[in-house]
2 protein chains.
Amino acid sequence: MAANDSLLKLDGANCFEDRIGQEHGLRPEDLDKLQQRIASCHAELESRRGGDVGFMELPYDEELAARIVEKAGELRGWCHNFVVLGIGGSALGAIALHTALNHSFHNLLPAGHPGRKGAPRLFVMDNVDPALLSHFFDVIEDELPETAFNVITKSGSTAETMSQFLHVRELLRRRGADPARQIIATTDADPEKSILRRIAQREGFCTLPIPQNVGGRFSVLSAVGLLSAAVGGIDVRRLLAGAAAMDARCRSGDPRRNPAALYAALLYLFYGRGKPITVLMPYCHALRRLGDWYVQLWAESLGKRDGLETTDIFNGPTPVASVGVTDQHSTMQLYQDGRFDKVITLVEVQRVLPEGENLPIARGDCEDELSYLAGRGFEELFQAELSATRRALTDKSRPNLTLRIPEVSPWTLGEMFMFFEYAVAYSGSLYGVNTFDQPGVELGKQYTYGLMGREGYSAPAQP
Amino acid sequence: MAANDSLLKLDGANCFEDRIGQEHGLRPEDLDKLQQRIASCHAELESRRGGDVGFMELPYDEELAARIVEKAGELRGWCHNFVVLGIGGSALGAIALHTALNHSFHNLLPAGHPGRKGAPRLFVMDNVDPALLSHFFDVIEDELPETAFNVITKSGSTAETMSQFLHVRELLRRRGADPARQIIATTDADPEKSILRRIAQREGFCTLPIPQNVGGRFSVLSAVGLLSAAVGGIDVRRLLAGAAAMDARCRSGDPRRNPAALYAALLYLFYGRGKPITVLMPYCHALRRLGDWYVQLWAESLGKRDGLETTDIFNGPTPVASVGVTDQHSTMQLYQDGRFDKVITLVEVQRVLPEGENLPIARGDCEDELSYLAGRGFEELFQAELSATRRALTDKSRPNLTLRIPEVSPWTLGEMFMFFEYAVAYSGSLYGVNTFDQPGVELGKQYTYGLMGREGYSAPAQP
């Protein structure tokens with residue numbers, strides 16, 4: 001497959017008035033009118049490529065890929081547990097990849113089971129809830145010497161991740177183990193910027209870099225997401241190649257050729273028409289945690305108080321993660337009959353099961369009322385429910401888009417990450433906000449420092 | 001503890017203008033003005049108690065509790081895997097309970113580990129994704145004879161659950177096993193209404209009832225949620241007693257005494273003031289799936305096209321599940337700086353770790369920049385982050401409520417389920433919708449039947 005054979009298709013037909021009516025549908029002219037602005041957003045982003053915006057260049061770092069594959073091979077040789085210590089952008093990509101591409105019950109399979117692909121158990125500890133952590137240490141207790149910890153924080157000072165790091169380092173030392181053998185630090189390449197890198201250098205930990213021009217929520221295709229993926233047996237070169245295929249399509253500023261630009265434009269138009277909620281609903285259980293990654297990407301990038309040119313704009317759509325068919329029995333009632341404030345992005349995986357496999361519902365006879373299920377397969381039922389839901393949404397004038405991929409694979413995951421990252425960057429430009437910062441969470445951090453007694457910070461008067 | 005010793009406290013202070021300012025805060029008079037309507041909503045609901053609305057009576061079914069405890073004891077004696085086959089309201093309560101009250105890595109612990117409380121592995125299969133199901137059968141393959149399946153569908157005709165049932169029944173028969181020994185059917189008590197009950201009677205399965213006046217999303221405290229909870233080692237009588245304690249508080253129509261009425265009133269007032277998104281954010285990893293249960297309860301109950309008196313009102317707040325501290329690194333930027341369209345409900349667990357336990361971050365020295373963490377514990381950090389976030393939200397004029405419980409326990413879970421169920425019922429009355437139906441998903445079901453070739457249904461022309 002050539003590098004530019006992108007497999008992802010975006011179908012936006014159910015956004016337009018011929019499908020969902022005049023009141024809620026867009027007219028083709030709406031999109032035409034935006035074309036010029038989209039082209040400028042594209043040009044602006046393209047001018048920053050490899051400068052202060054680095055995510056688009058990640059697929060091309062072959063040296064890093066080689067290093068990751070080598071390190072993963074070494075880790076797979078000795079460790080029984082591979083643990084990511086990270087939060088937010090340092091965790092969500094790893095979780096999305098693991099959930100999408102590894103066995104649904106990876107950690108429950110015996111080590112030698114083919115579904116494990118020779119990988120250790122994988123854990124991502126993205127909370128500092130003490131009960132969760134305590135339970136986690138129960139689980140790895142007996143295998144601590146065979147456990148590797150990948151500490152991931154770009155700044156090197158994230159309170160949650162550094163607390164976990166301090167605990168683990170002390171635990172290893174107390175057990176007479178060598179932290180340098182078991183800890184890998186993934187952090188900013190510059191020791192001036194990251195205390196974690198300074199510690200790692202002093203204590204001899206293996207380190208991996210996060211490029212300075214790649215922020216946490218755009219870092220899944222850097223060492224942040226790649227190491228745990230490779231340890232889990234995911235072909236990271238295919239992942240990067242898929243991302244490169246999407247990058248190639250995103251070199252155009254024309255939304256008829258660039259699906260990320262089209263996606264950004266459609267959602268932006270709906271936002272302006274009173275639809276500020278954007279739901280991502282993959283019909284694929286393995287992609288449900290991709291939703292959490294998408295939610296962070298959307299929320300942190302676009303949810304901004306100040307615009308680039310105006311203050312106090314208090315901007316931002318609210319992203320929501322959903323999953324089919326499960327949520328047909330939860331939120332679908334609201335999506336179909338509630339306020340017209342949502343746009344739904346369905347992800348259609350044309351074949352959920354691997355080629356050649358089939359899972360029958362029932363081969364033999366069944367009761368009359370259930371006979372429509374006899375002789376059918378779960379794949380048929382699953383796909384029928386997606387089609388039925390899409391049609392019902394459309395009949396009820398609910399804007400919906402379909403992101404279609406032939407299968408869940410490293411390649412298509414790479415494409416989707418790159419697709420959404422481009423889309424959010426275009427969106428930020430359209431809204432006139434800085435896509436790449438997150439100033440709003442500073443205040444909470446300062447209050448936390450104050451409450452923890454950190455020098456130079458004061459606790460809020462009334463928590 | 002007496003039956004009326006409710007432990008849950010609702011703190012709504014950060015909803016009012018003295019805390020969050022005039023533009024976004026409520027005035028005490030706003031609530032006063034609603035008092036009369038709340039009282040009528042309460043009286044109306046109370047008049048239906050045990051009639052067409054049954055959830056409030058569930059805590060008092062001692063006969064059922066005894067039967068559940070007995071059946072769970074038998075199952076714990078022989079089964080290694082306990083599997084719920086159900087979707088939506090037949091799954092989300094079981095998941096919420098299991099996640100909240102069992103060990104965070106329950107299925108990974110060895111069978112004899114004290115954290116397992118003598119329970120089998122627990123699975124809830126709430127999707128028909130063929131890849132997920134295929135992986136699931138990998139995992140139980142070798143233990144099929146020691147696996148019990150609890151098939152849960154009120155109507156007895158849910159396509160997803162009945163497909164799973166047909167598959168499992170055939171699988172057991174092919175292996176020469178007796179489905180009647182391994183399948184428990186939880187469904188409508190009336191065989192006229194449930195094909196599953198008719199099958200169960202004919203084939204001799206153990207059956208458990210779902211009361212006719214209890215809908216799926218209100219059924220967690222019926223046999224639907226109780227059996228898997230009891231099998232998991234959860235004290236279901238304490239769960240019901242906690243629910244009864246909340247029920248006692250909800251016998252009053254005065255929001256100053258009834259926290260569910262206060263909660264409904266506050267959210268309703270904010271909905272009318274352009275804040276239709278309601279976020280549930282427990283600071284407790286174990287309560288993150290309570291959020292999914294809440295989302296279904298809110299979305300299906302209040303997301304309605306027609307009102308009781310007017311058609312085409314297209315009503316309904318959008319519920320969103322979140323979790324602290326994790327989502328401080330994901331959605332919090334949007335919640336604090338984005339549109340003023342949200343109300344955040346924080347759940348504060350005053351002690352996350354069991355009494356007497358502590359998990360230190362680092363006992364020894366650490367680097368200067370991290371010295372504020374030395375000698376502190378994860379519980380302190382976790383609670384400090386909650387306080388800091390609450391204060392930052394308030395400073396930024398973001399309405400927030402705190403639901404405070406002393407600990408996560410069967411009792412407090414019982415209280416919370418009952419609290420939210422009452423609150424959504426009051427909300428439905430305030431909005432003037434039927435809280436207890438879900439007509440909006442019918443169209444999608446009919447299209448699915450049509451696509452699956454069920455007699456009497458036709459596929460949509462253009463899926």
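How far apart do the C-alpha centres of domain 1 and domain 2 of chain A lie? They lie 30 Å apart. The domain bounds come from an automatic or database domain assignment. Domain 1 of chain A covers 9–48 + 239–432, and domain 2 covers 55–234.

A quick word on the model. It is predicted, so local features need pLDDT of at least 70 and side-chain atom pairs count only at pLDDT 80 or more, while totals for chains, interfaces and linings use all residues. Residues are numbered from 1 along each chain as its sequence is written, with chains lettered from A and ligands numbered from 1 in the order in which they are written.

Back to the two domains. Their contact takes 21 residues from domain 1 of chain A and 22 residues from domain 2 of chain A. Contact means C-beta atoms, placed from the backbone, within 7 Å. On the domain 1 side, α10 (236–249), α12 (290–302) and α15 of chain A each give two or more residues. The largest share, seven residues, is from α12(A). Helices here are DSSP runs of H or I, at least four residues, and strands are runs of E, at least two, numbered from the N terminus.

Next, a helix pair. Helix α2 (residues 28–48) of chain A packs against helix α15 (residues 410–431) of chain A at about 115°, with axes 9 Å apart. Axes are lines fitted to C-alpha atoms over the stretch in contact, and angles run from 0 to 180 degrees between N-to-C directions. Which residues of α15(A) make the contact? They are A:A425, A:Y426, A:S429 and A:L430. From α2(A) come A:R37, A:I38, A:C41, A:H42, A:E44 and A:L45.

Now the strands. Strand β7 (residues 277–283) of chain A runs parallel to β8(A), joined by four bridges. Pairing needs at least two DSSP bridges. A:T278 stands opposite A:P319 in β8(A). In strand β8 (residues 318–321) of chain A, A:T318 and A:V320 point one way, A:P319 and A:A321 the other. Are these residues buried or exposed? All are buried. Buried means 20 or more other C-beta atoms within 10 Å of a residue's own, with C-beta atoms placed from the backbone.

Last, the two chains. In all, 107 residues of chain B are in contact with 107 residues of chain A. The largest share of the chain B side, 13 residues, comes from α14(B). Other elements supply at least two residues each, including α5 (130–140) and α16 (442–451) of chain B.

Note on methods. A residue is buried if 20 or more other C-beta atoms lie within 10 Å of its own, exposed if 12 or fewer, and partly exposed in between; C-beta atoms are placed from the backbone.
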